[in-house]
Amino acid sequence: MTAEPTTAPRPDTGSGGAPPTPASARKNRVRKLSGADLVVVTLMTVIPTLFVLVLIWFPAIASVLLSFTNWNGIGPLNQIKGIGFTNYVNVATNYPPFWPALRHNLTFLAVLFLIATPIGMFLAVLLDKEMRFSRFYQTAIYLPVVLSLALVGFIWQLIYSRDQGLLNAVLHTQVDWYGDPNYNLWAALVATSWRHIGYIMLLYLAGLKAVDGSLREAAAIDGATEVQTFFRIVFPVMRPINVIVLVVTVIESLRAFDLVWVINKGRNGLELIATLVTANVVGEASRIGFGSAMATIMLLISSVFVVAYVSNVMREERRK
Amino acid sequence: MTTTLSPDARVKRAPGRRIVLHVFLWIVALSWLFPLGWAVLNSFRDYAYTAINGYVSFGGFTLQNYVNAWRQGDFGLHFWNSAVITVPAVVITLFLASCMAFVLARFSFRFNLALLGVFLAANLLPPQALLVPVYRMFRAVSLPDWLSSSGSLLNNQLGVILVNIAFQLGFCTFVLSNYMKTIPAEIYESARVDGASVTRQFFQLTLPLCRPPLAALATLQVTWIYNEFFWATVLLQSGDKFPITSSLNSLQGQFFTDYNLLSAGSVLAMLPVLVIFFALQRQFVSGLTLGSTKG
């Protein structure tokens, strides 16, 4: 599904709530707990943590480990043999869909990042003013955000279909927009952007509202144009939002899976790493080690951004 | 010279500029609504009519597509399946996230920050990368018949619920713990002096105070889990267990696709989220942006 848009917070420093408790005051509070309370607190921590460890971290590590083995998914676990980087070598040299899939993933990232995200930001800037119909404009643009990407795929089928699609009727062409490998990646990108732009607009609208108005006034008094004010002052001040938008964009482009899967299960010009992994695991020929090698590559790509993002958040948390 | 003139110039230019802006925004807004409107419009049209006259025509209105889609797509069953997955997943996610957030915000363990990192990063990993082990693990778990007709967590809605909970916990914990940190510590101190146990503090102090973020997160989570496609599709193999989002594929024929029927199915499938969107728009939007700005 959609990237779980992990919008993550900026710390509430001075947001009008109570000042953050100084670390010193919180220290040792655990020791004051009675026996029963300690049990409750432990349960409150352990159960959610187990969910995350067992269903996310363990599988993530297992994927990495399995990628170095020859396991076919059927034999008993004790017959697993390590085979070094063989799976990776096979993926890179012996598996034709891999490089196109990687290229498609990067195209998704590039288009979302360089085109869709700036459009979303631009619309947010236009709409961040008191004006008539503003609510209507906003609602129309972020309406697609509530729809699943799978549904987005279906909705656009009416426009892209070869025989009955609107696009061919208007252009007097006979193109199968979802099927033709020359076009289908772009068709999918338009449909994804339709949803992504609204999402980004929403995030930036929230970000712009939080920007202190006096900053703009000061800039206006100094004779800065609106464009200058935005790029030199407003944009840098929105750094926390920019980080979130970057992460959301990267994660969305890695997870473009849903849309592509409903179109044609990621074949014929729409290969993505995620669809290859899925096809290799769930499909008839399940090649576990092989699929895991691609899964690990996916993890590696996303971990660069995840680490950057999480350490950014933790740094701000620690500052409190 | 120009700077002194500019305020005047701006006032004079303003009406023209505003009209251009509005025209532009109307065009954008209408073109954004168009794909959706097109689907809704054609869902009410007879396939035979549009096949002959083309879609760029007018007429052939009918409700039959909805009747057929409901019957062929077995929507009653799949709506039920969606509810069976979504409701428990959202309730458990919010409860466990509140517990975790409470501990993170209220007590200072040495691992506090590290734990937050563990939860947050987990939320961002691409699900497909975890598929192999989760799939095998679920297949290996044997369950008694009353819990699972398939005998394991695979091909079982319980498995989908568990994965959804794990994936959503990070985001909810993060948002909630940030909110809980703004609750003054003095409130807890006086509760403690009055002899309130941690359980009572949690249920009678923290949770009631967290109503706003919980409402926003609940709205958002219902939408997300209802929309969840990947795990439901790969973990449930028999079509009769699919939630709506994964079951739409069955309306798509292998050789022939009736797009009007498909539109009707899509409109039916999006009804719940559209209702949520219009009824609880403020909750939805604040849920999405809750994390990203203060308050």
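Student: Which residues of α5(B) are buried?
Tutor: They are Leu115(B), Leu116(B), Phe119(B), Leu120(B), Ala121(B), Ala122(B), Asn123(B) and Leu124(B). Buried means 20 or more other C-beta atoms, placed from the backbone, within 10 Å of the residue's own. This is a predicted model, where local features need pLDDT of at least 70, side-chain atom pairs count only at pLDDT 80 or more, and totals for chains, interfaces and linings use all residues. Residues are numbered from 1 along each chain as written, and chains are lettered from A in written order.

Student: What do the buried residues of α5(B) pack against?
Tutor: In chain A, they pack against α2 (35-66), α11 (239-254) and α14 (288-319). In chain B, their partners are α4 (75-106) and α7 (157-180). A helix here is a DSSP run of H or I, at least four residues, numbered from the N terminus.

Student: Why should α5 of chain B span 18 Å?
Tutor: Because its 13 residues (112-124) are counted at 1.5 Å a residue, with the expected span being 1.5 Å times one less than the number of residues. The end C-alpha atoms are 19 Å apart, which agrees.

Student: New topic: how many residues does each chain bring to the contact?
Tutor: Chain B gives 94 and chain A gives 99, with contact meaning C-beta atoms, placed from the backbone, within 7 Å. On chain B's side, α7(B) supplies the largest share, 13 residues.

Student: And chain A itself, how many helices and strands?
Tutor: Chain A has 14 helices and zero strands. Of its 320 residues, 46% are buried.

Note on methods. Helices (H or I, at least four residues) and strands (E, at least two) are DSSP runs, numbered from the N terminus. A residue is buried if 20 or more other C-beta atoms lie within 10 Å of its own, exposed if 12 or fewer, and partly exposed in between; C-beta atoms are placed from the backbone. Two residues are in contact if their C-beta atoms, placed from the backbone, lie within 7 Å.
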